[in-house]
Amino acid sequence: MIHTFHLAELPAAVTARALLRPPSGITTPGLDHAECLALMRLGAPTVSLDRLQLRRIAVFAQWRDEDAVDRFLSDDVLGRHLATGWHVRLEYLRRWSRLAALPGLPARAGDWDQDEPVVAVTVARMRLLEVPRFLRWGKPVERQVRDHPGTTLALAAFRPTHTISTFSVWRTVREMEEMVHGHSGVPADRRHADAMVERRRRDFHHEFATFRFRPLAEHGTWEGRTGIVPLR
């Protein structure tokens, strides 16, 4: 098993089609599940084009093996589009909570060093009536992660009507965990921890899961950047 996270700038029609009809294991050999989403800029105003960027797509996927990833990128119509962008291949390590679309993931699948790089992905299915409250608590956390000195890339993505995902690359596990628990020593560093307390009090989501990965290999460029992932 391997996971990937892809970013690409595409024609809006291609992104819209992927949002409506994401690839599946039926049409894509070796694919267990894929989440296709339009990028959002972390911390952007609630009502703005930056909250739904149809020309910029994010895809989070679980595969049987790397051969399946390579076939998808070379043979599939959407895969060939994504191959023009950037992606990182990931080794699964741990989850908090569970995503129904990925039922077979164990709670923990490996060990890690506190000083190694790590990638975090969240996927949530929103309760629509809770969106205003979620934004009130979540947007300060978006800015906290976006501006944290320990991240090399942090972004969010959305698929109408109620799926939202975040993706962040961290220089070390230690820096990520300090942020999560409010021990970073940066201004307003309790924002994430306080938002998690509020979520436990009354959940924003029908379904919410956080996944931790070890980055294995980076391919392509994003916004002219390479070396986004600090590989071991």
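Start with helices H4 and H6, whose crossing is left-handed (the near helix is turned anticlockwise from the far one by less than a right angle). The model is predicted, with local features needing pLDDT of at least 70 and side-chain atom pairs pLDDT 80 or more, while totals for chains, interfaces and linings use all residues. Numbering runs from 1 along each chain as its sequence is written, and side-chain values use heavy atoms, without hydrogens or water.

Select residues 131–147 for H4 and 191–201 for H6: the axes lie 9 Å apart at an angle of about 155 degrees. H4 and H6 are therefore roughly antiparallel (over 145 degrees; axes are fitted to C-alpha atoms over the stretch in contact, with angles from 0 to 180 degrees between N-to-C directions). Now show the side chains that make the contact (heavy atoms within 4.5 Å): among them are Trp-137 and Arg-143 of H4, and His-192 and Glu-198 of H6. By class, this contact has 4 nonpolar, 2 polar and 6 charged residues.

Next, select Phe-5, Leu-7, Trp-86, Leu-153, Phe-167 and Phe-211, which touch the most other members of the largest nonpolar core, a set of 27 residues. Such a core joins buried nonpolar residues through side-chain atoms within 4.5 Å, buried being under 20% relative accessible area with a 1.4 Å probe, protein chains only. Strands E1 (2–9) and E8 (205–220) are among the elements giving two or more residues to this core, and E4 gives the largest share, 4 residues.

Finally, centre on Phe-211: beyond its neighbours within four places in sequence, Phe-211 is in contact with residues including Phe-60, Tyr-92, Leu-102 and Val-121. For one more stop, pick Leu-10, Ala-34, Val-59 and Ala-61, which belong to a second, separate core of 20 residues.

How values were computed: Buried means under 20% relative accessible area, exposed over 50%, partly exposed in between (1.4 Å probe, protein chains only). Angles under 35 degrees count as roughly parallel, over 145 as roughly antiparallel, 65 to 115 as roughly perpendicular and the rest as oblique. Ala, Val, Leu, Ile, Met, Phe, Trp, Tyr, Cys and Pro count as nonpolar, Asp, Glu, Lys and Arg as charged, and the others, Gly among them, as polar.
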